[in-house]
Amino acid sequence: MATLKEKRTCGQRCEDFGRFVWNSDNGTFMGRTPEKWVYISLYYVAFYVVMTALFSLAIWVLMYTLDPYAPDYQDRLKSPGVMVWPDTYGEEIVEINYNTSDKASWMKMSNILHKFLKPYNDTLQQECNTYNCTKGKYFIQKTFSAPHHTKWACPFTQSMLGPCSGLEDPTFGYNCTMPCVVIKMNRVIDFLPSNITGVAPYVNCTVLEGCDNVEKIEYFPANGNMDLSYFPYYGKLAQPTYVNPLVAVRFNLVGKKYAKIQCRVVSDKISYQNFHDPYEGKVIFYLKAMK
């Protein structure tokens with residue numbers, strides 16, 4: 001008949017653990033002699049040094065093959081997206097609603113535009129972008145001839161937006177029923193908007209709803225053109241002072257002072273019918289002035 005194993009007391013278990021930590025009979029610490037602990041420590045130190053060196057070498061080889069001035073894969077964007085300011089984006093739509101009788105309401109819109117246009121300050125642009133660009137022609141740069149191994153960028157000044165620059169009218173028309181919006185096309189490295197020499201992309205806005213409520217549409221610069229000299233864009237590292245060309249659009253709202261508007265950038269290499277990307281080549285927004 002098997003005998004029952006004697007149950008060990010807490011003191012005996014503590015004694016066994018203490019003997020495991022340090023066994024004075026064998027001179028071992030946690031089951032190994034100091035000599036073996038030195039050997040195993042050296043092994044793991046060498047192992048992790050080699051692993052770190054291999055990982056660092058792999059990262060170095062990867063970074064060496066990458067061009068710091070442009071991403072390797074740019075196939076996700078066939079044509080650039082388009083955005084509108086004031087950028088009062090909702091969950092799915094852009095709604096530019098303001099009240100001409102409420103100063104806080106229209107000041108909110110004008111403050112958004114003033115903040116957005118700060119990099120386009122005339123003095124700042126004249127200091128940062130001093131190159132005299134040739135208008136109406138692509139600015140192709142094969143070398144880094146600008147200071148600090150960069151490429152030149154053409155200036156775009158706030159005053160080029162005319163009555164919608166915020167210089168003549170700091171309210172951008174939001175204290176009345178002639179509001180201005182600013183259209184910007186997103187940057188795509190090495191993108192040329194057209195294959196046709198001398199034909200610049202331009203902004204065209206159409207009223208989708210409330211046609212009778214929009215009496216007049218004006219574009220600044222003239223004809224809503226984005227001059228070819230701002231293309232191609234070479235990347236933030238290559239052109240640190242680059243700013244996007246802009247087009248300001250002023251609407252004269254009448255009647256119910258409400259409209260659904262689509263503004264698209266027109267060019268033969270810019271598509272706007274992508275159902276899965278509503279901002280590719282165009283932007284749709286709602287404009288409403290209350291009183």
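This is a predicted model: local features need pLDDT of at least 70, side-chain atom pairs count only at pLDDT 80 or more; totals for chains, interfaces and linings use all residues.
A residue is called buried when its relative accessible area is under 20%, exposed when over 50%, and partly exposed in between (1.4 Å probe, protein chains only). Residues are numbered from 1 along each chain as its sequence is written, and side-chain values use heavy atoms, with hydrogens and water left out.

**The overall layout**

- The chain has four helices and ten strands; these are DSSP runs (helices are H or I, at least four residues; strands are E, at least two), numbered from the N terminus.
- The chain has 291 residues, and 38% of them count as buried.

**A nonpolar patch on the surface**

- Met51 sits in helix H2 (residues 34-65).
- Along with Tyr43, Tyr44, Phe47, Tyr48, Val50 and Leu54, Met51 forms a nonpolar patch on the surface, and together they have about 750 Å² of accessible area.
- Patches take residues with over 30% relative accessible area and no salt bridge, joining like charges within 9 Å and nonpolar side chains (Val, Leu, Ile, Met, Phe, Trp, Tyr) within 5 Å.
- A salt bridge here is a side-chain nitrogen of Lys or Arg within 4 Å of a carboxyl oxygen of Asp or Glu, while the areas come from the Shrake-Rupley method with a 1.4 Å probe, where for residues only the protein chains shown count as cover.

- On a 1 Å grid over the protein atoms alone, a cavity is a set of points where a 1.4 Å probe fits but cannot get out, a pocket is an open set with protein on both sides within 12 Å along at least five of seven lines, and lining residues have an atom within 4 Å of a point.
- Searching the whole structure turns up one cavity of 30 Å³ or more.
- The largest cavity has a volume of about 80 Å³, and its lining includes Pro80, Arg187, Phe191, Phe231 and Tyr242.
- That lining splits into nine nonpolar, two polar and one charged.
- The largest pocket has a volume of about 180 Å³; among the residues lining it are Cys128, Ala146, His148, Lys151, Trp152 and Pro240.
- Sorted by class, the pocket lining has six nonpolar, five polar and one charged residues.

- Most residues other than glycine have a negative phi, and most peptide bonds are trans.
- His148 has a positive phi near 60 degrees, and His149 has one of about 55 degrees.
- His148 is in the loop between helix H4 (122-128) and strand S5 (180-185), and His149 is in the loop between H4 and S5 too.
- His148 counts as exposed at 77% relative accessibility, whereas His149 is partly exposed at 47%.
- The bond from Trp85 to Pro86 is cis, with omega near 5 degrees, and Pro86 lies in the loop between strand S3 (82-85) and strand S4 (94-99).
- Phe231 and Pro232 are also joined by a cis peptide bond, with omega about 0 degrees; Pro232 is in the loop between strand S7 (214-220) and strand S8 (246-253).

**A buried loop residue**

- Gln158 belongs to the loop between H4 and S5, yet it is buried, with a relative accessible area of 9%.
- The C-alpha atoms of Gln158 and Leu246 are 9.2 Å apart, though 88 residues separate the two along the chain.

Technical notes:
Grid points are joined across faces, edges and corners, and a volume is the space filled by probe spheres set on the points. Ala, Val, Leu, Ile, Met, Phe, Trp, Tyr, Cys and Pro count as nonpolar, Asp, Glu, Lys and Arg as charged, and the others, Gly among them, as polar.
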